[in-house]
Amino acid sequence: MAATVLPVATRALVEACVRLGLDGDAITRRAGVDRARLDDPDARLPAELADAVWREASLAAEDPALALRAAEQTPFGAFRVLDFLGATAASVGEGLERVANYFPLVDPRASLALARGPDAVAVALRSTAGDLPSEAQEYTLAILASRVRHVAAAPPTLAVRFAFPRPPDVSVHARVLGVEPVFDAPEAALVLSAT
């Protein structure tokens, strides 16, 4: 059986693309996705259609940093239930645990795993179906970092690790994430200080 995903991430991507000046209707049409379907809270979208939207958005943008720019253009609340679950927790850590618990419902091809150490907590993005594309790593971790910043009582100390080679220009990474990431890491992760 082919994987299906909730349309929330695809909707958020299309809306971010529109904010970036791209034609959201053309992107979804070329991907073969009925844009109205993205607003149906009970819908599931074949994963290959969600991936097709990413491909069409990338072609339209001609921007290797699209995933980061799209995450930057995705306001708090775009991931309705996940944003609510994370923001209403007693702590950032509890909020991340809640999001991690529900993440496979959004996209069963990946999971979030929290690893707590004495000084830091790592939120690893792991694939359940092969390698994670660099765009998936960038978008997911940039969204998580923005949500942590949104709900944290004080600016968090964080690090970001990606499991792909360092691109020639990391200026957008540093600006969007607030820190220059580590590349070629064993796994993609957002790392927060335990405090």
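Let me begin with accessibility: buried means under 20% relative accessible area, exposed means over 50%, and partly exposed lies in between, with a 1.4 Å probe and protein chains only. What we have here is a predicted model, in which local features need pLDDT of at least 70 and side-chain atom pairs count only at pLDDT 80 or more, while totals for chains, interfaces and linings use all residues. Residues are numbered from 1 along each chain as its sequence is written, and side-chain values use heavy atoms, with hydrogens and water left out.

My topic today is the salt bridges, a salt bridge being a side-chain nitrogen of Lys or Arg within 4 Å of a carboxyl oxygen of Asp or Glu. Searching the whole structure gives 11 of them.

Take E94 and R98, whose closest N and O atoms are 3.0 Å apart. These two residues sit four residues apart in helix α6 (residues 92-106), and are therefore separated by about one helical turn; helices here are DSSP runs of H or I, at least four residues, numbered from the N terminus. E94 is partly exposed at 29% relative accessible area, and R98 is likewise partly exposed, at 25%.

Now to R30 and E56, which form a salt bridge at 3.0 Å, N to O. This pair links distant parts of the chain, 26 residues apart, with R30 in helix α2 (residues 24-31) and E56 in helix α3 (residues 47-61). R30 is partly exposed at 46% relative accessibility, whereas E56 is buried at 17%.

Finally, D83 and R147 form a salt bridge with their closest N and O atoms 2.9 Å apart, and both residues are buried.
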